[in-house]
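The following note sets out several points for a colleague who is examining this structure.

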Amino acid sequence: EDWPERYPSPFSDKPPARVDGLRIVMIGHASLLIQADGLNILIDPIWSERASPFTFVGPRRVNSPGIAFADLPPIDAVLVTHNHYDHLDRATVSRLWHAHRPRIVAPLGNDVIIREFDDTITVETYDWGQSVALSEAVTVHLEPSYHWSARGVTDRRMALWTAYVLTTPAGIVYHIGDTGYGDGAPFRAVRERHGAPRVAILPIGAYEPRWFMQPQHMNPEEAVRVFRDCGAEQALGHHWGTFQLTDEGVERPLKALTAALAAEEIPPERFRPLRPGEAWEASA
């Protein structure tokens, strides 16, 4: 289906410098700012115009980042889930490095990819099952997902991909960059290992055609299953509405998510599909 040239968000955000509790803001697509216990954490940040190896061709954003780069608070950490161009934008990571000097955490192999672009950057890499403390109170854990990696035609699966679990004083945050549903085992395992999340950030877009996308990108119905599997109190939908990567129309994920929640008798406010600049804050 055709997308509009512009799909602007009604929201924009200028986040506070620090948050004692837990605040999450959608920047666009899979880029989010998580503010937790005084830390500012970016996941899969992209401020570039295209999710592409080229500046002149490839998926172009149809809305502006929900937070202007100049309005970012001090960034303490950047988490990269995997190396696809709609998740790892090396120009943005380099820009953040020179502006904020954050800790950059990524799954195995992605340090090489980032440092090929800017060899001044320090990147920490970890395997599934490993954990890294970002502060005395906040720890990030790497967990499996059903996906893959590649930047070109010769490096398929040569770098790892991951989901992240953040343990914070305000609750557990479960963030999945990209995943298929498969047998659902990784999502149930998160609950068993870490407890039920306070909030799960789940991908709801880029899922058609199913014959090709099903093993690697779940659809909204499957995202609702993951919400059930992991036992989260709240879900936030990402990975939709900014870059056209697949066949479905720009608002198809919204309609499919509404139908899936109704079928499971889940109140829609418990699974919010975030627009760029839209914020969610944990209640005290």
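1. A salt bridge is taken here as a side-chain nitrogen of Lys or Arg within 4 Å of a carboxyl oxygen of Asp or Glu. By this criterion the side chains of Arg-18 and Asp-76 are joined in a salt bridge, with an N to O distance of 2.5 Å. Arg-18 belongs to the segment before β1 and Asp-76 to the loop between β3 and β4, so this contact ties together parts that are 58 residues apart in sequence. Arg-18 has 39% relative accessibility and therefore counts as partly exposed; Asp-76, with a relative accessible area of 24%, is also partly exposed. It should be kept in mind that the model is predicted.

2. The structure holds 13 salt bridges. Among them is the one between the side chains of Arg-252 and Glu-1, at 2.9 Å from N to O. This pair links distant parts of the chain, since Arg-252 is in helix α6 while Glu-1 is in the segment before β1, 251 residues apart. Arg-252 is partly exposed, its relative accessible area being 39%.

3. A further salt bridge is formed by Glu-124 with Arg-103, whose closest N and O atoms are 2.9 Å apart. Here the link runs between strand β6, which holds Glu-124, and strand β5 (residues 103-107), which holds Arg-103; the two residues are 21 residues apart. Arg-103 is partly exposed, with a relative accessible area of 30%.

4. Strands β6 and β5 also belong to an open sheet of 7 strands with mixed pairing, in the order β6-β5-β4-β3-β2-β1-β14.

5. Strand β11 (residues 199-203) pairs with β12 in the parallel sense over 5 bridges, with Ile-201 opposite Leu-236. Strand β13 (residues 271-273) also runs parallel to β12, the two being joined by 3 bridges, and Leu-236 stands opposite Arg-272 in β13. Together with helix α6 (residues 252-263), β12 and β13 make a right-handed β-α-β unit. Helix α6 is also the element that holds Arg-252, the residue whose link to Glu-1 was described above.

6. Finally, the surface carries a nonpolar patch of about 330 Å², made by Phe-54, Phe-56 and Val-57. Val-57 is situated in the loop between β3 (39-43) and β4 (77-79); its relative accessibility of 41% places Val-57 in the partly exposed class. The loop between β3 and β4 is also where Asp-76 of the first point lies.

Technical notes
Residues are numbered from 1 along each chain as its sequence is written. This is a predicted model: local features need pLDDT of at least 70, side-chain atom pairs count only at pLDDT 80 or more; totals for chains, interfaces and linings use all residues. Side-chain values use heavy atoms; hydrogens and water are left out. Two strands pair if DSSP finds at least two bridges between them. Helices (H or I, at least four residues) and strands (E, at least two) are DSSP runs, numbered from the N terminus. A crossover is right-handed if, with the strands pointing away from the viewer, the path from the first strand over the helix to the second runs clockwise. Patches are made of residues with over 30% relative accessible area and no salt bridge: like charges are joined within 9 Å, nonpolar side chains (Val, Leu, Ile, Met, Phe, Trp, Tyr) within 5 Å. Accessible areas come from the Shrake-Rupley method with a 1.4 Å probe; for residues, only the protein chains shown count as cover. Buried means under 20% relative accessible area, exposed over 50%, partly exposed in between (1.4 Å probe, protein chains only).
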